[in-house]
Amino acid sequence: MQRLTDIGVIKDIMERYGFRFSKGLGQNFLINPSVCPKIAEMGNARKDFGIIEIGTGFGVLTAELAQRAGKVVAVEIDNRLMPVLNETLSGYDNVKIIYDDILKVDLDRIIREEFEGLSVAVCANLPYYLTSPIIMRLLELRLPIKSITVMVQKEAAKRLCASLGTRDAGAITVAINYFADAKMLFSVSRGSFMPMPKVDSCVIRLDIKDKTPKGVKDEDFFFKTVKAAFTQRRKTLANSVSSSMGLPKDMVSDIIRDSGIDVSVRPEQMSMDDFIRFSNLLISSGICTLPENSCF
Ligand code: SAM
């Protein structure tokens with residue numbers, strides 16, 4: 001088996017296949033041999049699990065996952081990697097690669113067709129330009145998965161794992177807290193990648209909750225409210241929501257007060273319960289259905 005973290009092996013593959021890294025696809029491949037085994041072990045890669053991997057690169061993490069999991073299905077957008085992966089993963093009969101965009105594939109179908117009888121988890125060294133869209137998609141689809149273990153940029157990890165009510169919290173923090181329990185696992189220095197990125201990274205795990213919070217009247221509207229609240233994150237909730245939803249500020253302020261929240265609150269100071277009460281009242285107040293407004 002080739003050591004895919006070995007720079008000599010990587011250069012040899014690049015030369016033989018005429019492969020060049022694509023910056024646009026976020027191709028920073030792992031060359032630190034201690035990282036992939038840790039992601040696999042902490043990411044639920046076990047015989048009773050099927051793993052969805054996002055972005056194989058040359059297959060360095062894929063191989064570690066395949067050695068431990070029942071099955072691995074990896075989605076990779078760059079089909080220039082096809083001949084490389086045919087070589088580097090040829091020793092594994094429990095790996096399937098789908099050459100497609102992770103934001104477009106039918107993940108529900110993949111899980112139904114490929115992982116019968118297995119629990120399912122996601123593991124990846126994410127292409128950083130798509131961190132939020134990928135995580136949001138995985139959560140909003142309400143897939144039957146147990147966990148999402150991903151490498152992301154350190155700054156993104158802080159926001160993704162922030163507690164609500166703190167300065168690092170953003171709209172995605174609320175979404176993550178709604179669907180999962182987030183945990184920082186370990187840091188990875190920029191020198192662990194080829195080519196070397198400008199920033200350090202962090203591996204995080206999201207353990208999907210069995211139940212989402214109670215009492216949300218309309219889930220779509222709840223997430224619209226959260227996004228509107230954080231559109232101007234350093235402004236007050238009243239200012240941000242009224243300007244991004246096109247609602248009269250005095251009416252929004254009344255609804256904030258009626259929700260039992262201080263009218264000068266900033267979105268980053270709010271708890272999950274605050275967001276739920278506010279979005280429920282916003283919808284039941286009827287102001288969003290006035291023809292001149294743009295809540296929906
Ligand atoms: N897993 C490899 C590793 O750790 O060395 C590669 C990780 S690299 C940071 C990200 C990978 O995601 C690249 O192989 C890239 O081609 C792939 N990728 C980028 N955009 C993608 C998309 N929309 N769908 C699927 N894969 C994507």
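I began with a definition: a salt bridge is a side-chain nitrogen of Lys or Arg within 4 Å of a carboxyl oxygen of Asp or Glu. Side chains of opposite charge can pair when their charged atoms come close. With that rule I searched the whole structure and found 17 salt bridges.

**Ground rules**

I noted that this is a predicted model, in which local features need pLDDT of at least 70 and side-chain atom pairs count only at pLDDT 80 or more, while totals for chains, interfaces and linings use all residues. Residues are numbered from 1 along each chain as its sequence is written, and side-chain values use heavy atoms, with hydrogens and water left out.

**Entry 1: the two domains**

I looked up how the protein chain is divided, and it splits into domain 1 (7–208) and domain 2 (219–293), with bounds that come from an automatic or database domain assignment. The C-alpha centres of domain 1 and domain 2 are 35 Å apart. I then asked which residues of domain 1 lose the most area to domain 2. They are R167, V174 and Y178, which together make up 41% of what that side buries. For the interface as a whole, domain 1 and domain 2 bury about 1,200 Å² between them, and 62% of this is on carbon and sulfur atoms; buried area here is the accessible area (1.4 Å probe) that two parts lose on being put together, summed over both.

I also looked up the contacts, where contact means heavy atoms within 4.5 Å, and found 16 residues of domain 1 in contact with 14 residues of domain 2.

**Entry 2: polar and charged pairs across the interface**

Between domain 1 and domain 2 I found two salt bridges. The rule also finds four residue pairs in polar contact across this interface, both residues being at pLDDT 80 or more. A polar contact is a pair of N or O atoms within 3.5 Å; within protein, one must be able to donate a hydrogen and the other to accept it, and residues adjacent in sequence count only if both atoms are side-chain atoms.

Helix α8 (residues 171–179) gives the most to the side of domain 1 that touches domain 2, with six residues; helices (H or I, at least four residues) and strands (E, at least two) are DSSP runs, numbered from the N terminus. By class, that side of domain 1 has seven nonpolar, four polar and five charged residues, where Ala, Val, Leu, Ile, Met, Phe, Trp, Tyr, Cys and Pro count as nonpolar, Asp, Glu, Lys and Arg as charged, and the others, Gly among them, as polar.

**Entry 3: R142 and its surroundings**

I followed R142 next, and it forms a salt bridge with E219, the closest N and O atoms being 2.4 Å apart. R142 lies in the loop between α6 and β6, and it has a positive phi of about 50° although it is not a glycine.

**Entry 4: other salt bridges**

How far apart are the closest N and O atoms of E268 and R234? They are 2.2 Å apart in the salt bridge that these two residues form. E268 is buried, with a relative accessible area of 7%, whereas R234 is partly exposed at 39%.

D274 forms a salt bridge with R277, with 2.8 Å between the closest N and O atoms. The two residues are three apart in helix α12, so about one helical turn separates them. D274 is buried at 15% relative accessibility, while R277 is partly exposed at 36%. Elsewhere I noted that D12, R16 and E87 are linked in a network of salt bridges.

**Entry 5: backbone details**

I also looked up two places in the backbone. The peptide bond from M194 to P195 is cis, with omega near -10°, and P195 lies in the loop between β8 (193–194) and β9 (201–208). N44, a residue other than glycine, has a positive phi near 75°. N44 sits in the loop between α2 (35–42) and β2 (49–54), and at 16% relative accessibility it counts as buried.

How values were computed
Buried < 20%, exposed > 50% of the residue type's maximum accessible area, 1.4 Å probe, protein only.
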